[in-house]
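Please consider the structure shown below.

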Amino acid sequence: QVQLVESGGGLVQAGGSLRLSCVASTRTFSAYVMGWSRQAPGKEREFVAAISWSGSSTTYADPVKGRFTISRDNAKNMVYLQMNRLKPEDTAVYYCGADPRGDEEYDYWGQGTQVTVSS
């Protein structure tokens, strides 16, 4: 069992930046692919970004490419999402997830953190 706790959400103006953090309660953090997803009101949850076990490989959804950066610190059991040039359409609850097999199936999710971007 892995517990994930996100933080760092808030209200920001369009064009601003936020950094989300996620801490994982597991002794084998480096064994998990980590990712972020988001869900806007009235919409389905969508993939945002993922990072490999070592952090050497990352993937991004097209809407956030060039603006968001995912990173991890295996020594601290942390994964981050740096979000720059935020847009109102980035408004959503952001969730941190852990994928134990690297097959894009996330077994564990956090409770989410709200990001609101005002125009």
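The largest nonpolar core has 30 residues, and those touching the most other members are Leu4, Met34, Trp36, Val79, Leu81, Met83 and Tyr94. Strands β3, β4, β5 (46-51), β7, β8, β9 (92-99) and β11 (113-118) each supply at least two residues of this core. Such a core is a set of buried Ala, Val, Leu, Ile, Met, Phe, Trp, Tyr and Cys residues joined through side-chain atoms within 4.5 Å; buried means under 20% relative accessible area, with a 1.4 Å probe and protein chains only. Strands are DSSP runs (E, at least two residues), numbered from the N terminus. In soluble globular proteins, nonpolar side chains tend to be buried together.

The model is predicted: local features need pLDDT of at least 70 and side-chain atom pairs count only at pLDDT 80 or more, whereas totals for chains, interfaces and linings use all residues. Residues are numbered from 1 along each chain as its sequence is written, and side-chain values use heavy atoms, with hydrogens and water left out.

In strand β8 (residues 78-83), five of the six residues are buried. Strand β8 runs antiparallel to β3 (residues 18-25), with six bridges, and antiparallel to β7 (residues 68-73), also with six bridges; two strands pair if DSSP finds at least two bridges between them. Met78 of β8 stands opposite Val23 and opposite Asp73. Four residues lie between the strands in the β7 and β8 hairpin, where Asn77 takes a positive phi near 60 degrees.

Ser37 belongs to strand β4 (residues 33-39). Ser37 counts as buried because its relative accessibility is 4%. Beyond its neighbours within four places in sequence, Ser37 is in contact (heavy atoms within 4.5 Å) with Arg45, Glu46, Phe47, Val48, Val93, Tyr94, Tyr95 and Trp109.

Key
Buried means under 20% relative accessible area, exposed over 50%, partly exposed in between (1.4 Å probe, protein chains only).
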